[in-house]
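Dear colleague,

Please find below the structure that I am handing over to you.

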Amino acid sequence: MTTLTPQKPAIPQPGGDVTPAPEPRPAAPEPRPAPEPGPAQDPAWRELVDAVREAGQYPTRSEAESVTRVVLSALGGHVVGDERVDLAHALPEEAARVVASQIPATRSLTAAEFVDSVAARIEGATPATARWDVSSVLSVLPSLVGDELVTRILDQLPPGYALLFGRAELTPAA
């Protein structure tokens, strides 16, 4: 006599023998949805960071990305109105988020004060290294967002920012 367990039903075989049913195969795991594209997977963000890395001669993409975030967040607080909206639309999604998430500054900073504010956000930065960082990021923006928008942004900012964007700043002769 064969004793059967309730978990394993028997399968009758020709000739009267009974064998236990084969173990069921575990169900295949449900496929996971593709991960949301993050900044590292966004080709436009990678291109921006790579352009900053090249312009600033940063040894790693991580360093270039960090500098890009700091400078764009500082800029985001000082560009307002339509120019801020247009800048966010022209930038890669991650960069747009960085710019748009900033609370507008309560007062305009001179270009030197702006550089100093960036230096305060980067560990170990000096005004000279912060100026390098700011210029490395801002100088790649014209090719990305267009000269017309950069001109509108510069018209909104105090004098002195043009050099940070890689432009000569001409003053009218007296």
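In what follows, two residues are in contact when they have heavy atoms within 4.5 Å of each other. The model is predicted, so that local features need pLDDT of at least 70 and side-chain atom pairs count only at pLDDT 80 or more, while totals for chains, interfaces and linings use all residues. Residues are numbered from 1 along each chain as its sequence is written, and side-chain values use heavy atoms, with hydrogens and water left out.

**Overall layout**

The protein chain holds eight helices and two strands. Helices (H or I, at least four residues) and strands (E, at least two) are DSSP runs, numbered from the N terminus. Along the sequence, the pattern is β-β-α-α-α-α-α-α-α-α. Of the 174 residues in the chain, 34% count as buried. Here, buried means under 20% relative accessible area, exposed means over 50%, and partly exposed lies in between, with a 1.4 Å probe and protein chains only. Among contacts with a separation of 6 or more, 58% join residues 24 or more positions apart.

**The contact of H3 with H8**

Two packed helices are described by the angle between their axes and the distance between the axes. For helix H3 (residues 81-90) and helix H8 (residues 147-156), the axes come within 10 Å and cross at roughly 145°. These axes are lines fitted to C-alpha atoms, for helices over the stretch in contact, and the angles run from 0 to 180 degrees between N-to-C directions. Which residues meet here? From H3 they are Asp 82, Glu 83, Asp 86, Leu 87 and Ala 90, and from H8 they are Leu 149, Arg 152, Ile 153 and Gln 156. By class, this contact has four nonpolar, one polar and four charged residues. Ala, Val, Leu, Ile, Met, Phe, Trp, Tyr, Cys and Pro count as nonpolar, Asp, Glu, Lys and Arg as charged, and the others, Gly among them, as polar.

**The largest nonpolar core**

A nonpolar core is a set of buried Ala, Val, Leu, Ile, Met, Phe, Trp, Tyr and Cys residues joined through side-chain atoms within 4.5 Å. The largest one has 43 residues, of which Leu 75, Phe 114, Val 118, Leu 138 and Phe 165 touch the most other members. The elements that give two or more residues to this core include helix H1 (43-56), helix H2 (61-76), helix H5 (111-121) and helix H6 (127-138). H2 provides the largest share, seven residues. Neighbours within four places in sequence aside, Leu 75 is in contact with Leu 87, Phe 114, Leu 138, Leu 141, Leu 157 and Phe 165.

In H5, the buried residues are Ala 111, Phe 114, Val 115, Val 118 and Ala 119. Why are they on the same side of H5? They lie on the same side because they cover an arc of only 145° around the axis. The arc is that of the directions from the helix axis to the C-beta atoms. An α-helix has 3.6 residues a turn, so residues three or four places apart point the same way. Ala 112 and Ala 120 are exposed on the other side of H5. H2 and H6 are among the elements that cover the buried residues of H5.

**Individual residues**

His 78 has its place in the loop between H2 and H3. It counts as buried because its relative accessibility is 15%. Residues up to four places away in sequence not counted, His 78 touches Ala 105, Arg 107, Leu 109, Phe 114, Gln 156 and Leu 157.

Val 150, in helix H8, counts as buried at 1% relative accessibility. Leaving aside neighbours within four places in sequence, Val 150 is in contact with Leu 141, Pro 142, Val 145, Phe 165 and Arg 167.

Is Gln 57 buried or exposed? Gln 57 counts as exposed, because its relative accessibility is 60%. This residue is found in the loop between H1 and H2, and its phi is near 55°, a positive value in a residue other than glycine. Most residues other than glycine have a negative phi.

Thr 129, in helix H6, counts as partly exposed at 36% relative accessibility. The C-alpha atoms of Thr 129 and Val 115 are separated by 9.3 Å, and the two residues are 14 residues apart along the chain.

Yours sincerely
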